[in-house]
Amino acid sequence: MFNNFRTFETTFAGRKVVVETGKMAQLANGHCVVRYGGTVVMTNVTASRVPREGVDFFPLSVDFEEKLYSVGKIPGGYTKREGKPTEAAILTSRMIDRPIRPLFPADLRNDVSVVATVLSDDQDNDPGICALLGTSIALSISDVPWGGPVAAVWLGLDKEGNYLINPTLAERAESQMHVTVAGTAEKIVMIEAGANEVPEDVMLNGLIYAHGVIKEMCAFIEEIKAAIGKEKMSYEAHDINHEIYDAIKAAEYENIQHALDTDDKNIRDERIGVITDRIIETMSEEYPDIAEQLEEILYKMQKEIVRAWLYEGRRVDGRGLNEIRPLAAEVDLLPRVHGSGMFTRGQTQVLTVATLAPLSEAQRLDGLGLEETKRYMHQYNFPSYSVGETRPSRGPGRREIGHGALAEKSLVPVLPSEDEFPYAIRCVSEVLSSNGSTSQGSVCGSTLALMAAGVPIKAPVAGISCGLITTDEGFTTMVDIQGLEDFYGEMDFKVAGTKKGITSIQVDIKNDGLPYEVIKEALEKTRDARYYIIDNVLLKAIPAVREELSEFAPKVMTMKINPDKIRDVIGQGGKVIQGIVADTGAKIDIEDDGTIRIFAETQSAGDAAKKAIELIIEEPEIGRIYKGVVKTITSFGAFVEILPGTDGLCHISKLDMKRVDKVEDVCKEGDTMIVKVMDIDQKSGKISLSRKDAMLEIEDCSNNQ
């Protein structure tokens with residue numbers, strides 16, 4: 001039945017990988033199933049036969065679908081089915097998109113869709129790597145025009161300094177860096193890294209090492225393509241009207257150069273707006289469709305000008321290639337929040353606010369990974385006013401989620417452990433003004449906010465980006481690219497880290513890849529810029545982490561109890577702990593090992609909650625005097641509660657120093673009574689109390705004084 005069914009096998013990082021085609025999804029333009037250990041990912045590629053009307057971009061969509069059945073889970077919530085993609089799925093979709101997008105023809109306007117579905121996940125073999133591999137294979141063997149193949153690996157680093165390719169779950173837990181590297185057989189095309197302050201030379205050598213494995217996988221994909229690849233389909237190439245282009249260039253080229261020659265984005269946009277209006281007014285009669293093509297023509301013309309300037313070493317704002325825009329940083333902008341910091345770089349400005357909360361408020365995760373909660377949350381907001389536009393907010397898009405995750409990854413390595421700082425931490429970065437590299441501005445703003453909040457980070461983290469222009473003669477890199485240089489350049493090489501080393505990298509490119517020397521130069525330039533920002537800006541705004549938390553931050557106390565006492569603290573149906581929370585206003589987290597964390601708005605509330613718990617877990621001591629409450633009256637004595645949930649019998653003969661005929665003559669239920677613990681039965685735990693002996697001891701103490 002499946003006459004076209006084929007399998008291909010190779011070894012990938014010491015483990016067998018199997019690629020299947022020709023059995024499933026036979027109506028897709030390209031299809032494959034990648035099996036890597038117990039991880040199975042199906043990838044399907046489809047393309048429209050006609051171009052999309054009225055677009056000046058390539059309409060590519062990439063979706064990484066997490067199916068919870070792949071790890072034996074049923075989705076949470078009421079519907080019990082997968083809904084919108086998780087943040088992890090969105091980040092993986094972006095990770096697949098970035099290396100494949102530049103390899104499509106620049107003039108292609110047909111819709112192309114990539115869908116990678118996780119069918120099984122064994123946790124050891126990353127489904128994201130399998131999805132990118134499957135995407136490359138499906139595109140290569142399809143009839144969709146594409147300049148691949150690419151392949152990707154997950155690069156790790158053990159504690160002995162050895163590089164790891166596609167580390168297992170146990171190896172990832174100990175790895176000093178988590179780097180996804182993608183490349184063609186010739187160049188590296190994508191880097192996505194989180195690292196524990198790894199030096200630049202270690203990172204570069206690791207990337208080169210990983211590229212060696214990538215080359216082998218690209219050769220494997222070429223073999224599959226040679227065996228079953230389809231002939232690439234023809235398509236209607238999109239192009240501008242060159243007659244209109246030449247007419248505009250002849251009339252307005254020098255004016256456009258003048259418009260771009262400023263460091264102020266508002267002035268530049270205003271000048272371009274005037275030119276646009278003039279072109280439409282003067283040329284629309286001769287060229288009736290000029291308005292439809294004008295935006296794309298002006299884009300190409302501005303790109304030509306900016307690229308030529310950059311290669312000559314000239315930047316639109318007059319800076320040198322290694323010069324950073326004017327910088328400013330400040331903290332404590334908002335009086336009631338737990339920590340705030342604002343970082344400004346040229347016309348890019350980010351305000352970050354830090355909030356501290358009990359660990360119980362950590363984010364809950366419902367994805368394929370084993371991690372169920374996330375203690376540190378970083379969110380990034382990019383409102384339309386930050387770029388001078390009018391657009392309603394409809395929640396975070398993929399870009400916002402990606403930038404927030406990058407800033408989060410940058411700061412996680414310097415955060416204190418839960419034992420050192422038992423708080424859930426949320427940072428929100430509000431982009432107030434955007435003219436390039438807002439994600440790295442978020443990193444700097446978040447360092448300020450965390451330090452101002454009193455979070456004892458190990459070291460300040462700064463982020464910076466590096467751009468690239470290449471020609472037949474060579475390449476030019478420039479540090480701290482603004483929006484225009486990012487828009488018209490070939491690379492946005494973002495690096496964050498401390499003075500000790502790198503904590504994150506994200507690389508976006510618009511060409512066919514990066515040679516090693518470009519990566520080396522980008523790492524060196526961003527390192528120097530990072531050092532400058534930390535020493536001359538961040539530490540000038542706040543020289544050290546605040547020693548005390550904000551008065552508005554919750555106070556935390558940690559105590560350790562015998563795990564056997566947890567049920568006593570919680571009480572039947574949670575009544576005891578709920579009562580403590582109601583009485584004190586504190587929040588209480590209890591872990592299975594007996595660790596209790598108390599969060600309260602005031603110190604007095606925390607102290608009250610701690611005292612209440614101490615009374616519950618306290619063990620009665622023989623010879624100690626307690627102030628108890630009479631709970632029950634009997635003919636032979638009174639049962640007195642000396643500790644919460646713990647009572648003992650004060651026999652009638654021990655109620656007073658004189659003879660007592662009736663217990664009621666001395667006390668009644670609810671009375672407060674001073675008693676002394678005389679004995680505790682080792683087997684039954686019954687406690688014998690004496691009011692008489694307590695009174696005698698108190699009297700003796702008074703006489704001695």
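This is a predicted model: local features need pLDDT of at least 70, side-chain atom pairs count only at pLDDT 80 or more; totals for chains, interfaces and linings use all residues.
Visitor: How many aromatic pairs does a search of the whole structure find?
Guide: Rings count as a pair if their centres lie within 6.5 Å. Searching the whole structure on that basis gives a total of 11.

Visitor: Is the aromatic pair of Tyr-163 and Tyr-209 stacked or edge-to-face?
Guide: A pair of aromatic rings is described by the distance of the centres and the angle of the planes. For Tyr-163 and Tyr-209 the centres are 5.7 Å apart and the planes are at 25 degrees. Planes under 30 degrees apart count as stacked, so the pair of Tyr-163 and Tyr-209 is stacked.

Visitor: How many residues apart are Tyr-163 and Tyr-209?
Guide: Tyr-163 belongs to strand E8 (residues 163-165), whereas Tyr-209 is in helix H4 (residues 200-228). The pair thus links distant parts of the chain, and the separation of its members in residues is 46.

Visitor: Are Tyr-163 and Tyr-209 buried, partly exposed or exposed?
Guide: Tyr-163 has a relative accessible area of 22%, and Tyr-209 has 43%. Buried requires under 20% and exposed over 50%. Both residues therefore count as partly exposed.

Visitor: Are Tyr-380 and Phe-382 buried or exposed?
Guide: Tyr-380 and Phe-382 also form a stacked pair, 6.3 Å centre to centre with 10 degrees between the planes. As for accessibility, both Tyr-380 and Phe-382 are buried.

Visitor: Over the ring of which residue does the charged end of Arg-314 sit?
Guide: The distance from the charged end of Arg-314 to the ring centre is 4.0 Å. The ring belongs to Trp-309.

Visitor: Why is helix H8 oblique to helix H9?
Guide: Helix H8 (residues 398-411) packs against helix H9 (residues 438-453) with axes 9 Å apart, at an angle of about 45 degrees. Angles under 35 degrees count as roughly parallel, and roughly perpendicular begins at 65. The angle falls between these classes, which makes H8 relative to H9 oblique.

Note on methods
Residues are numbered from 1 along each chain as its sequence is written. Side-chain values use heavy atoms; hydrogens and water are left out. Rings of Phe, Tyr and Trp (its six-membered ring) pair if their centres lie within 6.5 Å; planes under 30 degrees apart count as stacked, over 60 as edge-to-face and the rest as tilted. Helices (H or I, at least four residues) and strands (E, at least two) are DSSP runs, numbered from the N terminus. Buried means under 20% relative accessible area, exposed over 50%, partly exposed in between (1.4 Å probe, protein chains only). A charge sits over a ring if NZ of Lys or CZ of Arg is within 6 Å of the ring centre and within 35 degrees of the ring normal. Axes are lines fitted to C-alpha atoms, for helices over the stretch in contact, and angles run from 0 to 180 degrees between N-to-C directions. Angles under 35 degrees count as roughly parallel, over 145 as roughly antiparallel, 65 to 115 as roughly perpendicular and the rest as oblique.
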